[in-house]
2 protein chains.
Amino acid sequence: MENFILYNPTKLHFGKDIISDLGKTIATFGNKVLLVYGKNSIKENGIYNLVKTQLKSINAEVFEYGGIKSNPVVEDVDYAARLGRNNNVDVVLAVGGGSVIDSAKIISISIPVSHSAWDFYSGLKKPSKAIPLVAVLTLAATGTEMNPYAVLQNHKTKQKLGWGNQLCYPKHSFLDPQFTVSVPRNYTTYGIADLVTHCLEAYFGKGDASLSDRIVISIIKEAMDYGPALLQDLKNYELREKIMYAATLALNGITMAGRTGGDWGVHDIGHVLSLLYDIPHGASLTIAYPAWMKIMKDRIPERISNLGKELFDVDTYSETIIRFEEFFRQIECPVRLEDVGITIQNREQIFDTLALNKASGMNHKLSTDDLKVILDLMYTERN
Amino acid sequence: MENFILYNPTKLHFGKDIISDLGKTIATFGNKVLLVYGKNSIKENGIYNLVKTQLKSINAEVFEYGGIKSNPVVEDVDYAARLGRNNNVDVVLAVGGGSVIDSAKIISISIPVSHSAWDFYSGLKKPSKAIPLVAVLTLAATGTEMNPYAVLQNHKTKQKLGWGNQLCYPKHSFLDPQFTVSVPRNYTTYGIADLVTHCLEAYFGKGDASLSDRIVISIIKEAMDYGPALLQDLKNYELREKIMYAATLALNGITMAGRTGGDWGVHDIGHVLSLLYDIPHGASLTIAYPAWMKIMKDRIPERISNLGKELFDVDTYSETIIRFEEFFRQIECPVRLEDVGITIQNREQIFDTLALNKASGMNHKLSTDDLKVILDLMYTERN
């Protein structure tokens, strides 16, 4: 094992109707609340009203910012932070999926300062204080509800970056699987893809950590056992519950113990695809992972075939990769760029942006040549 | 799943030589330190000196209490709490195994009050404040380093009770597997037994929690794969590392997600055996668990046989129980009362104390008749 720190101060409230504890939890921080959310879906599915009822019960003064996009951008974060700063809010309440909660994390550290949030991402500034953040999750996917990471994109600099800071852990996160029952089929499946690839990023990180490997495999098995079933029965509470909890554990630190961190090379590549073509995060990952494994199969053959043995009962790395592609297809995720309408004409643009973003893993470093090969492998093989 | 809260604010520092971060960590709380430890072993193996060097580096004013017994008693806790109170300490530093850290938790909530620590256990008083607690672990076993629980015994009332409070989480725990290399063979094995039975208590708790089941099985597999190997090679750092981390995860909350808690019926029985005959905690559990499973095999046959399938590749509950007994024997743990010198003459006394302590599980309740049957099953079967 590598030396490691296991630390996660977020208090996760999980289960049916746990939203009833939201009001009194918020009240422990104050009553001036910046409420952050995304598209109008929380108004359509009733979650907005449930949250407002909780806020009313504590006579909260609420300032709303409802403009977060599914691939969140720095302008929204800066705008919402100003709103919070000008009104001296006591607490930030995020209601939504990964993009909303990620944005809210950066809002919570931007409220106490006067510069753009992007200065944290560029490394120009370091945060020293955060307004307490409470999250209500409506999409099982990124694990943001119980980690300190946030992804943000900047169209001016053509970057989409992941970043994290200890100040960004939500103080509390409320996870009611009922809140995910209305998530449409495609975003349900991208969420499953996201949690599986988070496990893979941990698995391919640096460090011989047998118990963390077992936990990675346990979480992926949950996704394999219950993910396809959920797609056949989107309103099933028990299945929503299993996927929601699996997504949280996939990126709350428990898969990283005994490692110096995950690899994240595939996420770097996926972020570039999302930045350029606004394709969903989960979909970008199921395209990039098989290609990445193919280039790694000569470097870490046993590491890949061990996964195949545990998950698919197959013996070789080639079969392992085939079975991953089959699983991603089974949950209706793309595995080639053409599947999401990206053609060979886009090749040059993708490559340039991969190079600009310095897409590479932390453990298995990718060279420029590697990126070229991976890019070609993301296109359907031509004979 | 049952609704649950996942919360653990302890910061775990794990790995070789991480003790070098102890001084500056302590200093964040102040420089008047109550140092709590047990027998002289930390002076013999050099850990005491390493800790004192760290305390010296921050010019700490140190008050020492080195009298904690392996089955900790209320008198020691009350004495140490007075020492801390009279000297107005800023932080409690526990250096030792489960008994020392458990005691230090209760000391840390007893310093701000004037009554006996036992009043928390009897329910007469509730804690409202704690002096920050930092732990340095020297024995892989109970998981106390990353949970809010503490076991304490009271010879006057003839009770040994487990109890927990959110204020009792250590702020930081330092786990260097090197510190466990000198643990003798018998306490190494009792630690392995302890971690395995913690997993079992979680597994038999209330709630259909498939991912937590998988994690339970992952942790037990670590113990099965590396525990017997460690007994053949006590100085092996990598094996010490695996067992040390497994013991932490076995009782830090991650096995309980989706359940209302563990069962703990076997621990209740084990505590009675330790209270009466001062036998090591881990040893009491390997005697009690097979007997408990035997009485449960008609009530929860599938739950038991599922464990057998995953862990031992056997199909029936009877074979599962036999294999558990074999594993406990393999790691040189007792499985019958006679193995630790308790004879049939003690039967009445044990039964009376089981009844007085109201030994019972939280999920699978034990009646007085059940306790009688379990007690007989803990003795070698007579024909």
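Chain A averages a pLDDT of 96, and 99% of its residues score at least 70; pLDDT is the predictor's confidence in each residue, from 0 to 100. This is a predicted model, in which local features need pLDDT of at least 70 and side-chain atom pairs count only at pLDDT 80 or more, while totals for chains, interfaces and linings use all residues. Residues are numbered from 1 along each chain as its sequence is written, chains are lettered from A and ligands numbered from 1 in the order in which they are written. The model scores ipTM 0.96 and pTM 0.96.

**How the copies are related**

**Where the chains meet**

- Chain B brings 31 residues to the contact and chain A brings 31 residues; two residues are in contact if their C-beta atoms, placed from the backbone, lie within 7 Å.
- On the side of chain B that touches chain A, strand 1 (4-14), helix 8 (210-232) and helix 9 (237-249) each supply at least two residues; helices (H or I, at least four residues) and strands (E, at least two) are DSSP runs, numbered from the N terminus.
- Strand 1 of chain B gives the most to that side, with 10 residues.
- By class, that side of chain B has 17 nonpolar, 7 polar and 7 charged residues; Ala, Val, Leu, Ile, Met, Phe, Trp, Tyr, Cys and Pro count as nonpolar, Asp, Glu, Lys and Arg as charged, and the others, Gly among them, as polar.
- The copies meet through the same surface, because 100% of the interface residues of chain B are also interface residues in chain A.

- An open sheet of 12 strands runs in the order 3(A)-2(A)-4(A)-5(A)-8(A)-1(A)-1(B)-8(B)-5(B)-4(B)-2(B)-3(B), with mixed pairing; two strands pair if DSSP finds at least two bridges between them.
- Strand 3 (61-65) of chain A and strand 3 (61-65) of chain B stand at the edges with a single partner strand each, so one side of each has no neighbour in the sheet.
- Strand 1 (residues 4-14) of chain A pairs with strand 1 of chain B in the antiparallel sense over 7 bridges, and Asn8(A) has Asn8(B) as its bridge partner.
- Within chain B, strand 4 (residues 91-96) and strand 5 (residues 133-137) pair in the parallel sense over 5 bridges; here Val92(B) has Leu133(B) as its bridge partner.

**A helix pair in chain A**

- Helix 8 (residues 210-231) and helix 9 (residues 237-249) of chain A pack at about 145°, with their axes 9 Å apart; axes are lines fitted to C-alpha atoms, for helices over the stretch in contact, and angles run from 0 to 180 degrees between N-to-C directions.
- Residues making this contact include Ile219(A) and Tyr226(A) of helix 8 and Leu239(A) and Ile243(A) of helix 9.
- The contact of these two helices of chain A has 9 nonpolar, 1 polar and 3 charged residues.
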